[in-house]
Amino acid sequence: MQVQLLRSLAATALLAVGEAAALQKVNYGAFTQTATYSVANQLGFFTVYGLNVSYLQVPNSTYGYAQLLNGGYDIMTGTIDNAVNLRFNSNSNLTVTGQLDQAPELAIASIANITSIPDLKGLALMVDSPVSGYAYILRKVLSLYGLYLENSDYTFQVVGATPLRYADLVAGQLPNGSAVYATILTYPYTSEAGVVAEAQRPNILARVSDFIQPLTSSAFTARNEALVNGTQRALIRTFMAAMYSANQFLADPAQANCSIAAIARQANITAVAAASAYKSAIDPLTGETSSPGGNFTVSRQGVLNVIDVRSQFGGFAQVPDGFNFAEAILPGAGKLIDYSVRDEALNATVLYCPTSC
């Protein structure tokens, strides 16, 4: 009771500060509205931390990371494979500040009349980009069934981010009328697919967690220049503190109903789909509350698995032979993974508990 009272008092004080001063604008780029973001946005966590967060939908990985690097996004969440690729192949100035999830609901899904992975032979499969992390994951899983892109067993159909691919999969075609057959889905679309009318309901052909585990996926990512700029760093720190507070709320079983309601409102999905998505979000192996220590720490093995899959299909063409990936992913200032702003955010976090949801 005393802890709850302290939380409420601290939250009230923070809210008063936020109302007294203009809210700070944050341009947040993301591929999907995660459960943590849904809780933070719908239940007032951002306001409590004095933030006005604009959610900017990333249409595809090429555009998204270009926007991050040119300052269009203050911070973004995207698959860590993209950061690995850009950092090691192109020496791009970006840094992962924490892990959000380990690929909840990552699955290969098809139109209703395709019922197995071997049925995909000879077909075009929708992807964000042929060199994105999920494209390599798709290649890995299909290779275990004897299907190889390099053997022309299937082709790639470049469409864009998961929301676009999901909409086209349910429609059974692209906006131009071209047929579609299968793609890789992520949270919350695998849950949403389960409540689609039967005639259009996608089939889940394979869940990636049955083949690769652990697999680091969504990661907070920022420009190096922003992390050494005092004002921009403070904004990123506050954003991560708000997200961490929301993530702790999401992880609390006593708040399940509020979290489900927030997911349903944010994603505009049914209560049944939201309950399924919530279950995925708190999955101890893949969910948004699964990071080692529960504090946005990146799973080392999860990143090594990302690197291993990309390596198997020639995804490090610009990396010199003998490159030490194991050392390159060790956290530290100026490296691929840098926890310093995350640590500052954890120290600045007040566990806010909304009075209603």
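Q: What do buried, partly exposed and exposed mean, in terms of relative accessible area?
A: Buried means under 20% relative accessible area and exposed over 50%, with partly exposed in between (1.4 Å probe, protein chains only). Asp343, with a relative accessible area of 34%, is partly exposed, whereas Arg342, with 7%, is buried. This is a predicted model, in which local features need pLDDT of at least 70 and side-chain atom pairs count only at pLDDT 80 or more, while totals for chains, interfaces and linings use all residues. Residues are numbered from 1 along each chain as its sequence is written, and side-chain values use heavy atoms, with hydrogens and water left out.

Q: How many salt bridges does the structure hold, and what links Asp343 with Arg342?
A: Side chains of opposite charge can pair when their charged atoms come close. Here a salt bridge is a side-chain nitrogen of Lys or Arg within 4 Å of a carboxyl oxygen of Asp or Glu, and the structure holds five of them. One of these joins the side chains of Asp343 and Arg342, at 2.7 Å from N to O. Salt bridges with shared partners also connect Arg233, Arg237 and Glu344 in one network.

Q: Which residue forms a salt bridge with Arg310, and which parts does the pair tie together?
A: Arg310 is bridged to Asp81, with 2.6 Å between the closest N and O atoms. Because Arg310 lies in helix H13 (residues 300-312) and Asp81 in helix H5 (residues 80-90), the pair ties together parts that are 229 residues apart in sequence; helices (H or I, at least four residues) and strands (E, at least two) are DSSP runs numbered from the N terminus. Arg310 counts as buried at 2% relative accessibility, and Asp81 is buried as well, at 6%.

Q: Which residue is the partner of Glu344 in a salt bridge, and is Glu344 buried or partly exposed?
A: Glu344 forms a salt bridge with Arg237, where the closest N and O atoms are 3.0 Å apart. This pair links distant parts of the chain, 107 residues apart, with Glu344 in helix H15 and Arg237 in helix H10 (residues 230-251). Glu344 is partly exposed, at 28% relative accessibility, and Arg237 is partly exposed with a relative accessible area of 27%.

Q: Where does Asp338 lie, and what is the nearest side chain of opposite charge?
A: For charge, Lys and Arg count as positive and Asp and Glu as negative, while His and the chain ends are not counted. Asp338 lies in the loop between helix H14 (325-328) and helix H15 (340-347), and although Asp338 is buried it has no salt bridge, the nearest opposite charge being the side chain of Arg233 at 5.4 Å. Leaving aside neighbours within four places in sequence, Asp338 is in contact (heavy atoms within 4.5 Å) with Thr95, Val96, Thr97, Gly332 and Ala333.

Q: What is the order of strands in the open sheet, and which are the edge strands?
A: Two strands pair if DSSP finds at least two bridges between them. The open sheet of five strands runs in the order E7-E6-E8-E5-E9 with mixed pairing, and its edge strands, which each pair on one side only, are E7 (155-158) and E9 (203-207). Strand E6 (residues 124-127) pairs with E7 in the parallel sense over four bridges, and Val127 stands opposite Val158 in E7.
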